[in-house]
Amino acid sequence: MSDAKSVIESGKAVLGIEFGSTRIKAVLVDDANKPIASGSHEWENQLVDGVWTYSIEMIWDGLQDAYKEMAADVEKQYGVKVTNLGAIGFSAMMHGYMAFGADDEILVPFRTWRNAITEEASEKLTKLFNFNIPQRWSIAHLYQAILNGEEHVKDICFQTTLAGYIHWKLSGEKVLGVGEASGMFPIDSSTGTYHAKMVEQFDSEIAAKGYSWKLLDIFPKVLSAGERAGELTGEGAKLLDPSGTLQAGAPMCPPEGDAGTGMVATNSVDVRTGNVSAGTSVFSMVVLEKDLTKVYPELDLVTTPTGDPVAMVHCNNCTSDLNAWVNLFKEFTEALGVDVDMNQLFGTLYNKAMEGDVDGGNLIAYNYISGENITGMEEGRPLFVRTPNSKFNLANFMRVNLYSALATLKIGNDILLKEEGVKVDKLLGHGGLFKTKGVGQQILADAMDSPITVMDTAGEGGAWGIAVLASYMIQKDGSETLGQYLNNKVFAGQQGTSLNPDPEGVKGFDEFIKIYKAGLPIERAAIDSMEL
């Protein structure tokens, strides 16, 4: 405790704050990147006039509350106040649309990544660039506003993301980390900034509109991890800590997105590494050695916080339907008068799955609580399907539901790993699917046909990840890369458990995926015939 206290008193503690979709979290770390205090604020997006948004007031109230909680945690634990910081970093959910006018005021309400209102722009830009532009990307939102003929577009002086907005207001700097910028517009990893040819293509495409600006006039400057991105101003310090206790001057690292901080928090920033996050949704990120040969709508191309290309497979559904089935079994045990601990129930059912046939016994499950972009379903209808001859038993039932949780991830990654031949040396799994030791981990290893490592201790999350990036900025030795820093100074000595793919399991999952794909018209029919 005395060490943490002295770090705080000497102004060497580093602060990371991340804006997630439901929680804003602040984490204070010491000079060894160990968390020493934290605070958080719960918030929810609002549907206003058909747009998912957070108001400017919600953003600042949430930031100040999370910081206030962290500062109170410091006082409670160590009996001191936070007056100076060694460095600060901000991160947030990526993408979306925040456009500002000449008076620095927002021109239209913040449009978050959750809005699926840019289909026309997404399709046209993908064709123009020959590069996949998902609907949630910032450039898709800008172009859709142009296509819609929205009046405010001519008045744009600056466009950024949520992380970029916070950083700008606290430092005065209009910048973004390259990982975050890669969700605004395609990045050229050889230059570490926006792809010059695509910028020219976009400017030419909209030239006839006669706007006074070109794209680079309104976009933030791109920086890489380790670069300095300004410092906390006096005005910024008061915005963060209205009590006036926090002083100005702390250096600030480039603001990043939650994908980049997730890579940092799982030590997955080097080439041929990746991570899989499996909870309510599931996504994988693999750092590429070279560009893909063609455009795939299933694969989003972003970058690490140092600008290396990353292929991302993002799926909307993972454990929600699986959890619903487990809850049904809980109701059954309660009806029998048996009180079962949920951890025991999950463990029992998950382990039972490992006794099932490797191909799932000719059963199919679709876990689509919501729509699924990978398979082209705009809405969800959870389904379980079997033939009279299917091997219907508890083990196969559970195995197939676990397969279903990872099926769309496998479809996307089969493109990456099989069609494109991408090599992966290490994949780290994290999230709720892996709580039952050895089950979700083994099924993921079989699905990906790659070794999967799960750390003994859960990752600290994105707020810790951006704090580590801020620490890297002030601690790195000369040409020390981010990967070297993470390996040598952050994750050194941490233990994890690795499982290799089982050849029979790999073969079985491949067989399941064949009937899963063949049965997709059943899911389509359910969507078309069953109204929400």
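**Salt bridges and a nonpolar patch**

User: Is R524 buried or exposed, or something in between?
Analyst: R524 is partly exposed, at a relative accessible area of 24%, where buried is under 20%, exposed is over 50% and partly exposed lies in between (1.4 Å probe, protein chains only). This is a predicted model, in which local features need pLDDT of at least 70 and side-chain atom pairs pLDDT 80 or more, while totals for chains, interfaces and linings use all residues. Residues are numbered from 1 along each chain as its sequence is written, and side-chain values use heavy atoms, without hydrogens or water.

User: Which side chain does R524 meet in a salt bridge?
Analyst: R524 meets D528, with 3.5 Å from N to O; a salt bridge here is a side-chain nitrogen of Lys or Arg within 4 Å of a carboxyl oxygen of Asp or Glu. Both residues lie in helix 18 (residues 520-529), 4 residues apart, which is about one turn of the helix. D528 is exposed, with a relative accessible area of 58%.

User: How far apart are the closest N and O atoms of K418 and D510?
Analyst: In the salt bridge between K418 and D510, those atoms are 3.2 Å apart. The pair links distant parts of the chain, as K418 belongs to helix 13 (residues 394-419) and D510 to helix 17 (residues 503-518), 92 residues apart. K418 is partly exposed at 48% relative accessibility, and D510 is also partly exposed, at 23%.

User: How many salt bridges are there by this rule?
Analyst: The count is 20 salt bridges. One of them joins E289 to R272, whose closest N and O atoms are 3.4 Å apart.

User: Where do E289 and R272 lie?
Analyst: E289 is in the loop between strand 15 (282-287) and strand 16 (300-303), and R272 is in the loop between helix 10 (258-265) and strand 14 (273-278), so the pair ties together parts that are 17 residues apart in sequence. R272 is partly exposed, with a relative accessible area of 25%.

User: Switching topic, which residues make the nonpolar surface patch of about 310 Å²?
Analyst: That nonpolar patch is made by F332, L336 and V338. Of these, L336 sits in the loop between helix 11 (320-335) and helix 12 (342-353), and at 57% relative accessibility L336 counts as exposed. Such a patch joins nonpolar side chains (Val, Leu, Ile, Met, Phe, Trp, Tyr) within 5 Å, or like charges within 9 Å, from residues with over 30% relative accessible area and no salt bridge.

Note on methods:
Helix = DSSP H or I, 4+ residues; strand = E, 2+ residues; numbered from the N terminus. Areas by Shrake-Rupley, 256 points an atom, 1.4 Å probe, with all protein chains shown as cover.
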